[in-house]
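Hi everyone, thanks for coming. I'd like to walk you through a structure, so please have a look at it before I start talking.

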Amino acid sequence: MKKLLIVFFVGIGLLAPWIGAIGDEQKPAASGSTFVIGLSPERNIFRQVERYTPLTDYLSAKCGLDVKPKAFTQYKDIIDGFARPGLDGAFLGSFACALAHRKFGAEPVARVEGLDGSSLHHGLLFVRQDSGIKTAKDMKGKRLAFVDSQTVAGYLLPLVYLRSHGIKNYKAFFGETYFAGTHEDVIYDVLEGKADIGAVKSSVYHELADQDSRIQWKLKILSRSPDVPETTFVLRRDLVPSVRTSIGDALLTMHDDPKGREVLKVFGARKFVAASNEEYQPVIDYARQLGINLKKYDFPREQ
Amino acid sequence: MKKRIIIGLACFTAIFFLGGIYIIGTIQKATSTLDRLITLHQVQILREQLLIDVKRTQLDLAFEHTRYAKGIDTVITNVVLMDEEARRCTGCHHDARTTAKIMGLQGDIQTFETALSRILTMRAGDSRVLAEHDRAFQAGGDLINQLTSIVVSTKAGLEKKTQTSLEGIGSMKTLLFVLITAGPILAIGLAVIFIKGITTPLDVIVQATRKVKGGDLDFRIQGLRDEFGEVAASFNEMASSLNEQMRNLQRAEQMKLVGEMAAGLVHEIKNPLTGIKASMQVLIEQGGFGGEDKTVLLAVLDETKRIEALMKSLLDFAKPPMPHPIPVDINNILESTIAFSLPYSSVAPRTPGSIQTVKDLDPSLPSTLADPGQMQQVFLNLLINALDAMPEGGTLTVGTAAGEDRRIKIEIRDTGKGIDEKMREEIFRPFFTTKHKGTGLGLAVSKRFVEMQGGTISVEGNKGGGTVFRILLPAADP
């Protein structure tokens, strides 16, 4: 009997990798022949679909897949999307990217390089010119608009800023804090007086400032954070390697293709550059400064 | 006819070309009208579809946070559809007023979408969320009202335009039917006129041919024009020629008959006449007759000689001797004939020198092949006639010259009483004479002899009075 038990457990031990491998079975795409790419609500979600559709159409043509964009209304939902079938890839901000990797093993593949040649951005804390707010101290009792709790520029960086100015319990410090949902909404909330202070990523701020001169004249930047990686394309962990390679190569080489360059021009980027997990270490460091455990990080709700 | 054929073909071509252009133009116009109408209806459908999409989105918004709420993906899909519909709708208009209106509408749609995006992504306190909901709902309501107003007003206008367009197409259809019916009738009418224009003259020509074939050589075609007129003229010339040839043939037959009769008659009369003449001469020479008896005998002898001359002339005309042509100098023959003829005029002028003879003979006149005896007789006849025509004296002009086409021309001109123009055609007919004692065969024999030499003879009035006889003879080869 003892021998039988030993043989049984040894056999189990030998078969373990195979069993594990069964659990890690690679999938061609989450939804059969459709390859779904999630879009974070960085800006108006309908404009996000409009902006990314030429890109997904290009990838469909290049990779022979039916690539479809899917707009998400919450960063939380798009990160959770990697926990179950239905989402094959996503364009995420750097904090959401780090969370998706830590929680569900999503792999960063490529990062957007803007028209200015930079694939980095930084966080901005800004107010209206006429708000009278010049320092962190002036912010007491005011209304602060975050983007989302899963954004680095729209949440982590302002928290780091506040903490560096001795404000640990921001909820008690501010009269009201809320998540506007998109960077664009934060900017216009402050501009239109719906909020007093806003925190957004620099790339969206400057892009909108180019289109709407009121942003340049009526808003004032109080603080600028160090650089963090720009929007990143991540793929689910269990994707078939050939599909992963095909999609990754198509993105990383599209600036060499005339048609790809046209799509990039409409998209508002110069090219995609390769991304790796190590580049998101500064974001992880910010989270640690704030005492955030990325694996257990849940999504705080504002009142 | 060629002109008529060209005009006819041009008419046919013009009718078909213009008719074709009109039909194509009408069809194109009707197609364009229908196309425009379809486009307008499509635009109207787009507007109504956009209104439905906006209403559906507004409904999604109203049902949010209720048990009838749709999934967020459905809501997003509906808004994306609404957005696409709005773009298609706004892409249809071009005039400035409509474009401005549509641009305003597009701005409202974007405002609505921004508000929707905001309430879908925002996480904030209830009062802020509710305020944003109210704002979005208000934007949706305004948009629905605006779209409804546009749809209602454009629908009324479109119905009116549709009615007008359909009436216009109905009129075009009627006109097209008329044209399609009238076109062939017009073409048939033109074809009948065209064919009749060819067959009628042909019938006239065929009838004329049958008449001529039936012996009516005097029938002539009248009233045809153009190429048919030319054919008719040729036909008439042919008929005239046939008539002339037929008469010549008949005359030749008659002459042959007369000749045979004359030869027989001369043969029968000649011997008794010779006997009578000899007897008369013997009686006169023997004497014994005096006074009135001798005068009678001499008159019988003269008349016998005259009968003999008449017999000879008749024989010359009816059965002329075969000519023996040799190269002759016409000037010499004329010279000798003039010298011979002057004393023999039947009505010789009483006053010597009252006839002035002018000889205008060309010394370089080429010789001609002719029978000198026959030609001398011809000249003699003409000279005697000329002298007889000037009983009161006058000028006799005899001239020769080298004519055209290697012919020589001989003219005998008098200043006598002349020949009536109507009689000029008759004078060459046998037995026609104006002289009291003429046989009426001199000019007929002369004409016969000239024609036997290959020449022609003609007569015309002399300027200043009198007559000109003109003979043309072929010159001998050099």
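A word on ground rules. This is a predicted model, so local features need pLDDT of at least 70 and side-chain atom pairs count only at pLDDT 80 or more, while totals for chains, interfaces and linings use all residues. Residues are numbered from 1 along each chain as its sequence is written, and chains are lettered from A and ligands numbered from 1 in the order in which they are written.

Let's begin with chain A. It has twelve helices and eleven strands; these are DSSP runs numbered from the N terminus, with helices being H or I of at least four residues and strands E of at least two. Of its 303 residues, 45% are buried, and buried here means 20 or more other C-beta atoms within 10 Å of the residue's own, against 12 or fewer for exposed and partly exposed in between, with C-beta atoms placed from the backbone. Among contacts in chain A with a separation of 6 or more, 78% join residues 24 or more positions apart. By contact I mean C-beta atoms, placed from the backbone, within 7 Å.

Which residues touch the most other members of the largest nonpolar core? They are A:A96, A:A100, A:L156, A:V190, A:V200 and A:V234, out of 107 residues in that core. A nonpolar core is a set of buried Ala, Val, Leu, Ile, Met, Phe, Trp, Tyr and Cys residues joined through C-beta atoms within 7 Å. Helix 5 of chain A, residues 152–164, gives the most to this core, with eight residues. As for A:V234, its contacts beyond four places in sequence include A:G89, A:A100 and A:V109.

Now stay with helix 5 of chain A. Its axis and that of helix 12 of chain A, residues 281–289, come within 9 Å and cross at roughly 50°. Axes are lines fitted to C-alpha atoms, for helices over the stretch in contact, and angles run from 0 to 180 degrees between N-to-C directions. These two helices of chain A are therefore oblique to each other; angles under 35 degrees would be roughly parallel, over 145 roughly antiparallel, 65 to 115 roughly perpendicular, and the rest are oblique. Helix 5 supplies A:V152, A:L156, A:L157 and A:V160 to the contact, and helix 12 supplies A:V283, A:Y286, A:A287 and A:Q289.

Over to chain B. A second, separate core of 36 residues includes B:A318, B:I412, B:L441 and B:F469. One of those, B:I412, is also in contact with B:A386, as are B:L396, B:D414 and B:G416, leaving aside neighbours of B:A386 within four places in sequence. B:A386 lies in helix 8 of chain B, residues 372–388. Why does B:A386 count as buried? Because it has 27 C-beta neighbours inside 10 Å. B:A386 and B:T467 are 81 residues apart in sequence, yet 7.9 Å apart in space, C-alpha to C-alpha.

Finally, the meeting of the chains: 16 residues of chain B are in contact with 18 residues of chain A. On the chain B side, helix 2 (72–90) and helix 3 (96–121) each supply at least two residues, and the largest share, six residues, comes from helix 3 of chain B.

How values were computed
Contact = placed C-beta atoms within 7 Å.
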